[in-house]
Each structure stands twice: as C-alpha cells, then as structure tokens.
Amino acid sequence: MMQPVGVKFEIHRLSDIISNFHLEVELLFLMSGEAEVTIADESFIMKKNSVIVVNSEKRHSVRTIENGMICIVKIDYQTISDYLGSSLFLFFCNSVAEKNGDYDKLISLLQKIIATMLMHGGKEDFGTYSLYYQLLDILSKKYLIDQHDARYLEHNNDSNKRIHEIICYMQSEYNREITLNELAENLYLSNAYLSRFFKKNFGKNFKDYLNEIRVVHAIDDLLGSEKTMTKIAMDNGFPSVSRFNQVFKELYHVSPLAYRESYLGQSKGDEPQKKASSDLVEEIKEYVYSEHIVTGEADENMISLEADVSNYRSMHKNWNRAINVGPLTDLMQGQVQSDLLHIHRELSVTYIRFWNLFDNYICDKDAQFNFTRLDRSIEFLLENKMKPFIVLGGKARDILAKFGTYIYYQDASENQFYKNTEAWKHLMKSFCVHILETFGVEEVSTWVFEIRKPQEWEGIYDDETEAKYEDWFEITVTQLRKYFPYVLIGGCEGAVGWTDHDEDGYAKLFEFWERIHFRPDFISAKVYPYENNLHSMNPEYMRDVLLKMNHIMEKYGYGAVPIMVTEWSNTVSNRDIYNDTCYKGAYLIRNLTMNMDMADKIIYWNASDVFGEYADSADILYGGVGILNKHGMPKPVFWAFQFLNGLYKYQICCARNYIVTTDGKGNYRILCNNLRNLGYEYHMGEVVLNDNESDYERYFENLDNLFLNIQLKNIRDGIYDIRRREVSKESGSLLDELIRWNKNSALKTKDVEYLRQTCQPKLTLKRDQAKGGRLNINVELGANAFELIEITYCMSNEMQKDE
C-alpha cells in the first residue's frame with residue numbers, strides 16, 4: 001500500500017538486527033521482552049514500553065536478551081526534511097536514557113496505532129494516516145533538537161556531513177553497478193582514504209554496505225509487490241538471483257522467498273509458517289488487552305473490562321417463557337407442532353401464543369359449537385408440557401414483504417362474531433364452560449389470556465365503534481373472571497412507539513378499565529422498530545419505547561402492573577433476508593440482554609417460517625421471521641436464544657457487547673455479540689439484492705471486527721475448562737452455508753438432513769489457569785457474530801502439579 005505520510009509501521013518478533021545505516025529515521029518501541037540497542041558507541045537496555053529514536057544515518061544494532069515483540073516505525077527522511085526546510089536535523093527521544101522524561105503521550109499514541117492496526121487486520125486507512133501525522137507532530141514538537149544545542153552541533157560535524165553525503169549518493173544509485181572508486185571521485189577523495197573512512201564510521205566495507213542497502217529496498221518489493229525473485233534482484237542492483245539469495249541469507253539467515261512467505265503468512269504448504277504468523281497476531285492481541293488500550297475508533301471495537309466475580313445480582317430472563325405461533329390453524333399443522341416440540345425441548349419455552357380461535361368450523365350461524373379442533377391443539381400442548389397463551393380479539397392474517405406491502409392478506413376469521421353483543425356473550429360463555437369441563441379450572445387457571453382490540457375495529461375511534469368495543473371487552477373479561485377467577489388476563493396489545501399519541505390512547509384505555517372495575521394482570525404491547533412507516537435508525541428503539549411505556553403507566557397509577565411485550569422483532573417483513581442472517585441473532589442478544597429489567601416478558605415473533613409460506617416461498621430460506629425455517633432447521637436467531645438460555649441466573653455485569661453471569665458456585669458464562677447496524681438504504685426500504693443473497697453485507701454501516709478482553713477479578717485460583725461456542729458466517733449460519741453451496745432451492749432430502757447436522761455453532765475447548773485471583777478471556781468476533789463462553793472450575797493449581 002502507498003505510504004502517503006512517509007511512515008512505515010511494522011511489528012516483528014524480537015530478533016537480532018545487524019549493525020546498519022540508513023537515511024530513514026527509525027523509532028523502536030519494545031512491546032515485550034528485553035533487548036540491547038547500540039547506537040554508534042552507546043548501548044541501551046530496552047524493556048517493555050521503552051522507546052528510542054535512531055536518527056538518520058546513525059549506525060545501530062539490536063541484540064535480543066529476552067524474546068518478545070518490537071514495533072519499528074520508519075520515517076522517510078525526505079518527509080521530515082521537506083517539513084523542516086532543512087536536510088540537517090536531530091531528534092533526541094530515548095526513554096531509557098531519560099528516566100524521568102515525559103514519554104507517556106508518545107507511548108500512548110504508539111499503542112493506539114498498534115490497536116488500530118490490529119483492529120483492521122494490518123490494513124491502513126485515513127484514520128491510520130491521521131495517527132501517523134500525530135506521531136510526526138509529537139516528534140517534531142517535543143523531541144527535535146534546537147540548532148544551538150551542543151548535541152546538534154556535535155551531530156553536524158564534518159565527519160557526519162560526509163556520512164550524509166555518502167548515504168545520499170548510495171541510496172540514489174544503489175540499483176545500478178557502482179564502485180568505491182566512483183564514489184571517491186564524486187566526493188573528491190582518494191580510494192584509500194574513503195576505504196578507511198568506511199571501516200571507521202560504518203563498521204564495514206563499501207561493498208557490504210551497498211549490499212545491505214540493496215537488500216532493504218528488495219524487502220520492500222518482497223512484501224509490497226508480486227514481483228518474481230529475478231525481477232526483484234535486477235531492480236535492486238544485484239547481478240544475479242543467486243547473488244541476491246546469497247547476500248540475503250548472509251544477512252537474514254533465510255531465503256528471500258521464505259522471508260516473503262513468513263511475513264505474509266501465505267505459505268500454502270508450510271503450516272509452521274502460518275502458525276508463526278497467527279501466533280504473532282495472538283501475542284499482539286495479548287499486549288493490547290493487557291495494556292487496556294482504548295482509542296478513538298477503537299473505543300467501540302476494542303473493549304477491555306474488569307468483571308468482579310464477587311459482586312453479582314439476580315437476573316430476570318424475560319425471553320424464554322413464551323413464543324408466538326400465529327392463528328390456531330397454524331398451531332394445528334404438523335410441521336409447526338414438530339417445530340414447537342424442538343423449541344420446547346431445546347429452549348425450554350412453555351407458553352405458546354396463538355389467536356383466531358373461532359371460525360365457521362367451530363361456530364355456525366345457528367350458534368352450534370364444535371370445539372374439537374381447538375381441543376386437539378390444546379391437548380397437543382398439554383401432553384408435551386406446554387401451555388396455551390390465548391389471544392382474544394381477531395387478527396388479520398398478513399404476510400408482508402415490507403411495511404405496508406402485502407404478499408397476502410386475509411381478514412380475521414372471528415369478525416363475524418363481533419357484530420352481535422348477545423351472540424358474542426353466548427359464544428364466550430360456551431367457550432368458558434367447554435374448557436372448564438374439558439380441562440378443569442385448576443389447569444385453565446395456569447393459562448394466559450390476552451384481550452386485544454379486534455381487527456374489525458382497529459384504527460377506528462368514533463363513539464359508536466368505541467362503545468361496541470367496550471361492550472365486547474367487558475363481556476370477554478366478565479365471562480373469563482366468572483369461570484376462572486385466578487387466571488391471568490391482560491391487554492391490549494397496543495403498538496407502542498409508532499405514533500406520538502401513545503399516551504392519549506393509554507389514558508383513554510385506563511379510564512375505561514376503571515369504569516368497568518378491571519385491573520389487568522399485565523399490560524401488553526407489540527414493539528416493532530418503525531417510525532413514520534419506515535424502519536427506525538435508533539439502535540436503542542426498544543429501550544426508549546419501554547421507558548416511555550413505563551413512564552405512562554407510572555403516571556396513571558399502573559406502575560405496579562407488569563409489562564408484557566407480546567410481539568417483538570426487528571421487522572414485520574416475512575421476506576427480509578436479514579431474518580436469516582447472523583445479524584438477527586446478534587440483534588436479538590443485544591436487545592434482550594439490554595432490556596431484561598424493562599418488561600416482565602418479551603415474546604419473540606415468530607416460532608416458525610411456516611407462518612410466512614406462500615407461492616413465492618419455495619426456497620429453503622426466504623427471509624421469514626421464524627427461528628426455525630420451514631423444514632425445522634435452526635437459523636442463527638435460534639442459536640441466539642439457546643445461548644441466552646445458557647446464561648447463569650446471576651449477572652455480574654452487562655453492556656451492549658457482553659453479559660457476564662455466574663451460578664454463584666465459581667462457574668461463569670459470558671455471552672458476547674458484535675452487532676453491526678444496518679445503514680440508511682436498509683432503513684429507507686431501498687435494499688435490492690437482485691436474487692444475490694451473498695451481497696447482503698454491503699448494506700451494513702461497517703463490518704469491523706470486535707475485540708474484547710475480559711478479566712475476571714477475584715476468581716478462585718486454579719484450572720478452568722473453557723468451552724466456547726460461536727455462530728458466525730463460517731459456522732451455524734444456514735444462509736451462509738447455502739451461499740457457499742450456491743444453492744437455496746431444490747435440495748434433496750439427504751442434503752437437507754446434512755445441513756441440519758452440519759450447520760452448528762463452532763465449538764472449541766481449552767484449559768486455562770487463574771492466578772492471583774484473575775483469569776483473562778480474549779474474544780475476537782467478526783461482524784454480527786456471537787459467542788457463548790462457559791468457564792467451569794476444574795481443579796486447584798496444586799492438584800494440577802500433583803498430576
């Protein structure tokens with residue numbers, strides 16, 4: 001990549017660096033280990049976080065004392081010269097020599113650059129370049145020696161000026177055949193004098209120094225181009241490839257090709273080389289985490305935290321008690337029942353929310369009732385240790401492509417029963433008597449009933465309609481309370497946050513409830529992130545809405561009544577590809593962990609993609625809202641629920657990207673997410689994928705990785721088993737696996753079964769040791785990935801020694 005600011009930033013394992021000269025100013029920053037740095041005739045012992053600037057044309061070398069990492073920043077001579085308007089300049093920057101010097105700001109900036117480079121995988125951008133400019137600014141303002149300083153005058157004596165002339169000439173002519181005689185003629189010196197000068201001031205002869213210059217430039221080509229070895233040798237003044245190889249091996253003890261492969265980590269057949277590169281990255285991460293480096297852009301993407309495991313509180317899991325299915329007709333389907341069995345078994349969901357109980361199959365015009373279909377559905381739930389969550393008040397069946405755009409729409413089947421008050425009263429009485437006689441008062445009292453405004457009257461607020469609704473509501477409540485005085489009854493499933501008139505609507509509802517002496521057991525709402533018929537760009541939408549709702553309820557005397565979000569998702573669409581991606585899982589984790597104390601229950605919409613099936617949904621995945629696809633295969637959002645359920649019951653700490661929990665017995669579970677926000681085009685409804693699902697990532701604001709360092713403090717010393725399960729594009733994502741197959745339809749049964757078995761979260765196991773009451777956990781997540789980490793105490797350190 002081009003270096004527009006004249007700065008090259010490199011991190012290497014600490015190794016011996018032979019004595020050399022160059023025009024570039026070189027900053028050495030020791031990240032770990034210990035080394036002896038010799039500049040001219042002075043030696044300095046560098047330790048962790050010490051920094052030394054080697055001036056242009058100063059002979060220097062590095063000798064390793066203890067293995068570690070070193071950051072080398074090379075600053076172009078011409079860049080500094082042009083800025084200062086002089087070819088003669090001198091820095092004094094040496095934290096080893098100046099024990100009491102002020103180096104904190106410089107070291108902090110170097111650490112920020114390291115963190116930023118790590119975050120971007122070594123790639124540079126304008127943000128990185130801005131940090132380089134800050135580095136140049138600090139060096140020029142704090143560490144540049146004044147021309148009247150004795151050190152400057154000593155540096156710019158006749159001998160140093162001659163060294164400067166020699167280096168400048170050789171740097172400009174290195175790529176052709178030059179001789180000591182040619183250089184002597186240009187400097188008006190004799191060969192013999194110049195040869196002695198070289199030996200004394202450079203510590204080597206002319207030819208050796210020339211070869212070192214050529215190799216340094218050749219390394220730029222090795223790492224920054226795809227040139228062949230022959231081309232690199234010729235471009236840098238070597239007479240042949242064999243001579244280039246010979247000189248390179250003498251200096252670096254490896255061939256040029258091996259050096260290139262080692263640095264880039266791209267050796268196809270050399271796994272040790274790849275591992276060495278990967279291990280270096282891990283060591284850099286460890287350094288960044290241990291130093292708690294936080295930087296501008298890295299604030300959000302590089303997080304270090306200290307979690308005191310001795311300080312925890314009870315946690316309210318409000319997501320795992322219930323889930324939506326849809327109308328009764330969906331609950332009767334074999335695939336939906338199979339999905340519910342799987343969800344109940346794997347996610348411990350107990351209450352199944354459904355609606356539209358009454359249609360012509362149950363009640364005819366002569367008021368004859370047949371509740372057999374309803375009985376079968378309820379019996380299925382009860383036989384499998386699930387419970388009904390029944391919604392009274394018809395809902396239209398609608399399949400939306402996006403807000404306001406319908407693929408399918410059908411009015412509620414119950415609408416016919418709302419026109420006659422006496423007919424509804426008779427139906428409700430018959431229904432209550434039937435379930436009382438069939439299932440018993442004790443059983444029914446464990447169910448939940450939610451009363452909503454029927455679809456026929458939704459959005460209509462004239463006095464006549466409101467009077468009908470109020471009569472209907474009072475009849476419904478009265479009949480339920482008459483036969484089941486202890487059953488949970490609530491309402492009204494309002495769409496909170498979509499308008500600015502939420503308070504007026506709730507105030508009117510509360511006033512009506514007071515008139516009929518109804519005190520709900522819960523107040524329900526549906527929450528979808530829309531404002532003015534468009535997707536909200538507010539990432540805290542759910543929290544803001546629930547805060548608003550809590551405020552309204554408190555104001556009108558309902559503060560003690562539980563809030564139940566009975567429908568919630570990030571979209572109303574059943575054709576949104578992001579329903580099938582890891583984004584949906586990360587979105588779920590972020591919103592549920594951040595709103596545990598805001599509502600008694602939050603019920604996800606929906607259990608199965610079966611709800612959204614239609615003529616256009618032949619594919620394996622089609623953007624449905626279910627946590628399982630139409631074949632019952634888990635999508636990332638399913639794994640998100642499973643990970644959430646895996647959290648322990650006590651919370652240590654929680655923020656947007658993580659939650660740390662404990663069982664109170666010395667074991668811990670951590671759930672992390674790297675939710676990336678969708679951009680403007682998505683929220684404006686302008687996503688166009690043209691049947692190319694693999695392009696879905698381009699609508700995110702960014703796809704940055706997240707780096708987390710979690711230090712568990714006051715933990716019991718000993719050995720811990722650490723079990724990590726991760727869902728990302730590479731593992732646990734059915735959509736991304738289908739993209740890799742380049743196929744989303746017409747799969748054979750055995751292929752579907754193969755996908756069901758293989759699209760699982762990635763599992764890794766290891767052991768780690770807690771010492772001094774601390775255990776360090778490092779996490780790196782790609783965009784929209786999420787990970788559950790289980791930390792289980794295994795044995796004491798003493799027991800391990802005995803083994």
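This briefing covers a helix pair and a sheet in a predicted model. Local features need pLDDT of at least 70, side-chain atom pairs count only at pLDDT 80 or more, and totals for chains, interfaces and linings use all residues. Residues are numbered from 1 along each chain as its sequence is written, and side-chain values use heavy atoms, with hydrogens and water left out. Helices (H or I, at least four residues) and strands (E, at least two) are DSSP runs numbered from the N terminus.

**Helix pair**

- Helix H2 (residues 104-119) and helix H3 (residues 126-142) have axes that come within 10 Å and cross at roughly 165 degrees; axes are lines fitted to C-alpha atoms, for helices over the stretch in contact, and angles run from 0 to 180 degrees between N-to-C directions.
- H2 is therefore roughly antiparallel to H3 (angles over 145 degrees count as such).
- In the contact (heavy atoms within 4.5 Å), H2 contributes Lys 105, Leu 106, Leu 109, Leu 110, Lys 112, Ile 113, Thr 116 and Met 117, and H3 contributes Thr 128, Leu 131, Tyr 132, Gln 134, Leu 135 and Ile 138.
- By class, the contact of H2 with H3 has 9 nonpolar, 3 polar and 2 charged residues; Ala, Val, Leu, Ile, Met, Phe, Trp, Tyr, Cys and Pro count as nonpolar, Asp, Glu, Lys and Arg as charged, and the others, Gly among them, as polar.

**Sheet**

- An open sheet is formed by 4 strands in the order E1-E8-E3-E6, with antiparallel pairing (strands pair if DSSP finds at least two bridges between them).
- Strand E1 (7-13) and strand E6 (51-54) are the edge strands, each pairing on one side only.
- From one strand to the next, the twist averages 20 degrees.
- Strands E3 (residues 25-30) and E8 (residues 69-75) run antiparallel and are joined by 6 bridges.
- Val 73 in E8 stands opposite Leu 27.

Key. Parallel < 35°, antiparallel > 145°, perpendicular 65-115°, else oblique.
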